[in-house]
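Reader: I am new to this structure and would like to learn how to read the place where parts of a chain meet. Could you take me through it step by step?

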Amino acid sequence: MASVEFQNISKSFGAFVAVPDISFQIADGEFICLLGPSGCGKTTSLRMIAGLETPSSGRVMIGGRDVTYLHPKDRGISMVFQDYALYPHMNIADNIAYPLKVRGEQETRRHARAKEVADVLKIGDLLKRLPSQISGGQQQRTSLARALVYPSEVYLFDEPLSNLDAKLRLEARGFLNHLQRDMGMTAVYVTHDQAEAMALATRIAVMDKGRIVQFAPPIEIYRRPATTFVANFVGNPPMNLVPVEVSIGEGALLLRANGLQLAPIALTDVIAKAAKSGRMTLGVRPEHLRIAVAGDQNVVSGELFANENMGPESLVTLERGDNGRVTARIFTDDEIKVGTSVHLAFDARHITLFDDSGARIPAADER
Amino acid sequence: MRKAPNIFMRRTVFSAAATFLGTVFALPLVWFVFAPFNARAELGLAIPSPFTLSNFATVFQNTFAMQALLNSLIQAAGGVVLVGAAATLAAYALSRSPIPGKGAVTYILLLFSSVVSGSAAMVPIFLIISAAGLIDTHLAVILVFAGGLLPTAMFILRDFIDAIPRSYEESAMVAGASPLQAFFDVALPVIRPGIVVVLVWAFVNIWGSFLIPFILLRSDKLMPASVAIYSFYSEAGTPIVTLLAAYSLIYSLPVVALYLFVNWKFGFRFFGGIKS
Ligand SMILES: Nc1ncnc2c1ncn2[C@@H]1O[C@H](COP(=O)(O)OP(=O)(O)OP(=O)(O)O)[C@@H](O)[C@H]1O
Ligand SMILES: [Mg+2]
């Protein structure tokens, strides 16, 4: 296992800048998730660690060694490709065992090892087939098995579970989680799925347009999203963001928006400074909203837009006049009819404020 | 439903036209199959009676004609191996490496190839070959064919390789393979169908070619079959149809056999393994 470091990495394809400037450090044994929308440079970053793409500038270090110009085979990595990249002329067993073959392992030994890994991923009885003769999900697991069949310094995963059904995905996720705890693998894991990132990562890097917006442990990302972008990306469903007009009155911050009734918020220096622009964004997580009762201080009201029953809980979405919707995740047996008015309440401590530029304003109780 | 007679008419006319065209093209082939077995074959079509193998017996006794078949095989095999190996390596490099201006190189080569194997270049080719002291050798024929066919072969193969995702080799290299291992273990098997197409194409080209060996070779014992066919003419220059027919059939068999073999052995394309 080894550490990974990006030092001022940039990458352009011709005139197109895919990654402007990234620096980060991943400690030995960390499981990092790269999270971000399509086209934000996740695969490109991963490929630069793998050595399949040469950075336009900057240095890549693995285990303290400068590997920027080192051939992929000499980096001690294994990788699951977004498009699987199985060898079409080899059967599943040979595909999985190929890394052992180039390492000079003898045939019976490497096939035994391939079978072991394949069994764990439930493709043990497909070993004689060609990649074209198995399903997409099975191909993806073959690709995963090929990456896990030999010990590596760094494991690179490019959306390795994207094509699995919900149950298999949970199982495979559990398996990876177990591997990580068991052998402390260093891994960089690309995903669109924030739940996957939350479950697996020791730290999450949220990326946007080739930049890392926030790099922090999952709980930190969840509790203190650095920007509205992160807030909007993490959580299921993501945080409700309500643009508000702000003013300062009687030594407190007053927020105004359609359908919003809010107790004044205590001023700090930072809040006062951010309030000068007159605009902020109010963030509240769906799971922090509940049906309002008389006496609630912070309430958002509107007409019911949708009510989705998810089993134990419901997703209740209301529409506040003409500007935007607010979703709540609540436990309720009550049948609320679409079109009726709904009042949702939340506690002041669950409020996150973002300034005009979208950056989070630290709350009063933070340093 | 009212349209039914109309469709029927059109089908009939179409079928009649297709039959006529088919017959026109089939007649020479029918002759080609029947004449070798007819001891009194003429240029006209006739069903052999009696059915005989005597034409073949005569051809097989003709040592010059038999040696010519062997020569054809040597020259074709040599050319095919050379073209196949060189085109594969060159096309792979042109497709995968980031050489600037590689597109232009391919097109210029392609432009020149039609010149090199064309009859316009016969004089310079003859001069070059004779300066190299290679006149009247198999090697001369092989080299000239290889030179003429290579650019087109490279072009076809490069297109084929361009269409194959790089992730195949990339995943091999990440798994620990050197570029050479990635090429032989993964890339080569995947591009093999393309290579086979080029090999067959080169073989057919060399096998059927007359002008180049005719000019570059002198001694009878080196002449390929395409030239040797001329030995089945009488002194007066009229063809001895019976022998000509039998020899032609033998001469065409390797090409047919090659096609059938390739179709049986490689007649499928690799696919799969990449998420589409
Ligand atoms: N070889 C290339 N040439 C030109 N542009 C490229 C190349 N590879 C990637 N890009 C561009 O770089 C950007 C980042 O691509 P990348 O594949 O890293 O995205 P991603 O975050 O992995 O997206 P996804 O989640 O859809 O896989 C994209 O805008 C893409 O179009
Ligand atoms: Mg990607």
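Predicted model: local features only at pLDDT ≥ 70, side-chain atom pairs only at ≥ 80, totals over all residues.

Reader: Which domains does the assignment give for chain A?

Author: The domain assignment of chain A gives domain 1, covering 4-232, and domain 2, covering 239-361. Taken over C-alpha atoms, the centres of these two domains of chain A are separated by 38 Å, and the contact takes nine residues from domain 1 and ten residues from domain 2.

Reader: How is the area buried between domain 1 and domain 2 of chain A to be read?

Author: Buried area is what two parts lose on being put together, summed over both. Here about 820 Å² is buried between domain 1 and domain 2 of chain A, and carbon and sulfur atoms give 54% of that area. On the side of domain 1, the residues that lose the most area to domain 2 are A:Tyr222, A:Thr228 and A:Ala231, which together make up 57% of what that side buries.

Reader: How many salt bridges and polar contacts are found between domain 1 and domain 2 of chain A?

Author: The count of salt bridges between the two domains is zero, whereas the rule finds five residue pairs in polar contact across the interface, both residues of each pair being at pLDDT 80 or more.

Reader: Which elements give two or more residues to the side of domain 1 that touches domain 2?

Author: These elements are α7 (218-223) and α8 (228-233) of chain A, and α8(A) provides the largest share, three residues. By class, that side of domain 1 has five nonpolar, three polar and one charged residues.

Conventions: Residues numbered from 1 in each chain as written. Chains lettered and ligands numbered in written order. Heavy atoms only, no water. Domains from an automatic or database assignment. Contact = heavy atoms within 4.5 Å. Buried area = accessible area lost by both parts, 1.4 Å probe. Salt bridge = Lys/Arg side-chain N within 4 Å of Asp/Glu carboxyl O. Polar contact = N/O pair within 3.5 Å; in protein donor to acceptor, adjacent residues only side chain to side chain. Helix = DSSP H or I, 4+ residues; strand = E, 2+ residues; numbered from the N terminus. Nonpolar A, V, L, I, M, F, W, Y, C, P; charged D, E, K, R; others polar.
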